[in-house]
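I opened the file and kept a running notebook.

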Amino acid sequence: MSDPVRPSTQHSDDFLIGGGEMGKAVRAKDWSRTPLGPIESWPQSLRTAVSLALASNFPINIIWGPQRNQIYNDGYRPLCGAKHPHSMGQDYKECWLSAWPVIGGAFERASGGEAAFLVNQRMFLDRNGYLEETFFTFSHSPIRDESGAVAGLFHPVTELTQQSLTERRLTILRDLADNTTQAKSVEDAARLIAETLKRSELDVPFALLYLLESDGKRARLAQHVGLAPGAGPQLVDLEMSPPLWPLSEAARSRQIIQVDNLEQRFGVPACGPYPETPRSALVMPICLPALEHPLAVLIAGVSPRRELDGPYRRFYSMLAEAVTSALSKARAYEEESRQAEALAEIDRAKAAFFSNVSHESERRLRNFADTAPAMLWVTEADGSCSFLSRGWYEYTGQTEEEGLGFGWLKAVHADDREESSRIFLEANRRHEPFILDYRLRRADGEYRWCMDAGRPRFEERVPFKGTSVRSSTSPSESRRKRPCARARSGCGRSRDNWKLSSKNALKSLCSPTIACARWRLN
């Protein structure tokens, strides 16, 4: 068998050539003071693993030996935060003890020879002086030494914190927009906003929503989430001394104001999902372009386990925009409802007024029609009669039930009925005026010649409403009897002249009657 591989003492750190800043750090560190011993004594398997890690741009950590000492590259260094450079060569478990509930099982399995791979794991790292919420995808793969035993772990890792937080925060904004869609008032929208934020405590541990009066002089606490009502006054006079929160300053400047050291300044208690007290909050005015003063002010706490960095600030700006949109839409709906109710009240008043006018007009119309020296009647668009004056009933002896509709034709002589009906309905169909003479039965059973003059009724919204008709008997026929005849000759005047004179008379007589009829019956 060949001799076992022994570490070379010549150019023992040649495998560390390059490697960026971390290559320099590894070469400069006195490893003799660590459990790994001086570089010259490192086995080839460790040298190879470290060389591969330092040459890679991907974040990689090499964990070696029973003391779990770690050596990482440039890509992994930012993940260590303020722990670097002390973390270089440190016990991996000691360094990441806060994350051990998540990563400990995978580490132990890999140490036993079984590779472990975890995707988008949420964990809390103490790397910048506080427990920080983070998300990682990583693996632990065993590294075997020259004897075949597991001597270390190959630990590549990808941080997904910003991606995961962005997705979660976008979900909050989407839910807020969806949940407030049906808000019917500003108060209703404020309630729905609070309900959404109650489910968003990882990013918004507490929130206070103040609604400002229209003159901008006072603010009222409408909703609170995560804190007891006492954390903010119920009613704030913005013109008096500064309140607990800088509401007046935010409303006046229309700018977001950051408030720090909450526990020292305001005694804000621990809230949200963590035992720590939120350190900061943002006071955000909710402004509408049409309003002189802000509509509301939203105070939102910052998670104690996240830095208020650029992406977090952008989330709060978008949250303020989402709240503005929700309250704006609710206010517009509220205004529309008030206007609709005002218009409805006007319509009710107008209806009541015209109802009174209508009853009086109907009384006057009937009185006029009943005292007119002619029989007046009105038909609908289909030709059915909907109104007959008292003169018709007195002359024919018909009742209202008998005369309305097409019942008036029953008072027409049987020989004239078909022709009269045809002429009348044809004119009605064509929407044309007509003159029609026929024999009409009196109440005593005698028939007398009668002439109808009809004019179509029109209206702006309804092109054709029906026909207004005036019926009158021939004066000559009222003085002497004559046999019933389908056609008649002159009776002291020619038929055409009689029609013409009657037509001219009817124009002057019927015009006011028909005008009144339009008012009532249209």
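**Entry: Thr 396.** I began with burial. Thr 396 has 3% relative accessibility, so it counts as buried, the cut-off being under 20%. I note here that the model is a predicted one. Thr 396 belongs to helix 10, residues 390-396.

I then looked up the polar contacts of Thr 396. Its side chain reaches the backbone oxygen of Trp 392 at 2.7 Å. A polar atom of the Thr 396 side chain also lies 3.2 Å from the backbone nitrogen of Gln 398. Which residues does Thr 396 touch, once its neighbours within four places in sequence are left aside? I found Ala 411, Leu 440, Arg 441, Arg 442 and Ala 443.

**Entry: aromatic rings.** I have 15 aromatic pairs on the list. One of them joins Trp 377 and Trp 392: the ring centres are 6.1 Å apart and the planes stand at 50 degrees, so I logged the pair as tilted. Trp 377 sits in strand 12 (residues 375-380) and Trp 392 in helix 10, so this pair ties together parts 15 residues apart in sequence. Both Trp 377 and Trp 392 are buried. I also noted one aromatic cluster, formed by Trp 377, Trp 392, Trp 408, Phe 424 and Phe 434.

**Entry: cysteines.** How many disulfides does a search of the whole structure find? The search returned zero. I checked the burial of two cysteines. Cys 271 is at 5% relative accessibility and therefore counts as buried. Cys 385 is also at 5% and is therefore buried.

**Entry: strands 1 and 2.** Strand 1 covers residues 60-64, and it pairs with strand 2 in the antiparallel sense over four bridges. The hairpin has four residues between the strands, and in it Gly 65 takes a positive phi near 80 degrees.

Side chains in a regular strand alternate between the two faces of the sheet.

**Entry: helix 6.** I tested its length. Helix 6 has 13 residues, 186-198, and at 1.5 Å a residue it should span 18 Å; the end C-alpha atoms are 18 Å apart, so the two agree. I then listed its buried residues: Val 186, Asp 188, Ala 189, Ala 190, Leu 192, Ile 193, Ala 194, Thr 196 and Leu 197.

Definitions and conventions. Residues numbered from 1 in each chain as written. Predicted model: local features only at pLDDT ≥ 70, side-chain atom pairs only at ≥ 80, totals over all residues. Heavy atoms only, no water. Expected span 1.5 Å × (residues − 1). Buried < 20%, exposed > 50% of the residue type's maximum accessible area, 1.4 Å probe, protein only. Pairing = 2+ DSSP bridges. Polar contact = N/O pair within 3.5 Å; in protein donor to acceptor, adjacent residues only side chain to side chain. Contact = heavy atoms within 4.5 Å. Disulfide = S-S within 2.5 Å. Phe/Tyr/Trp six-rings, centres within 6.5 Å; stacked < 30°, edge-to-face > 60°.
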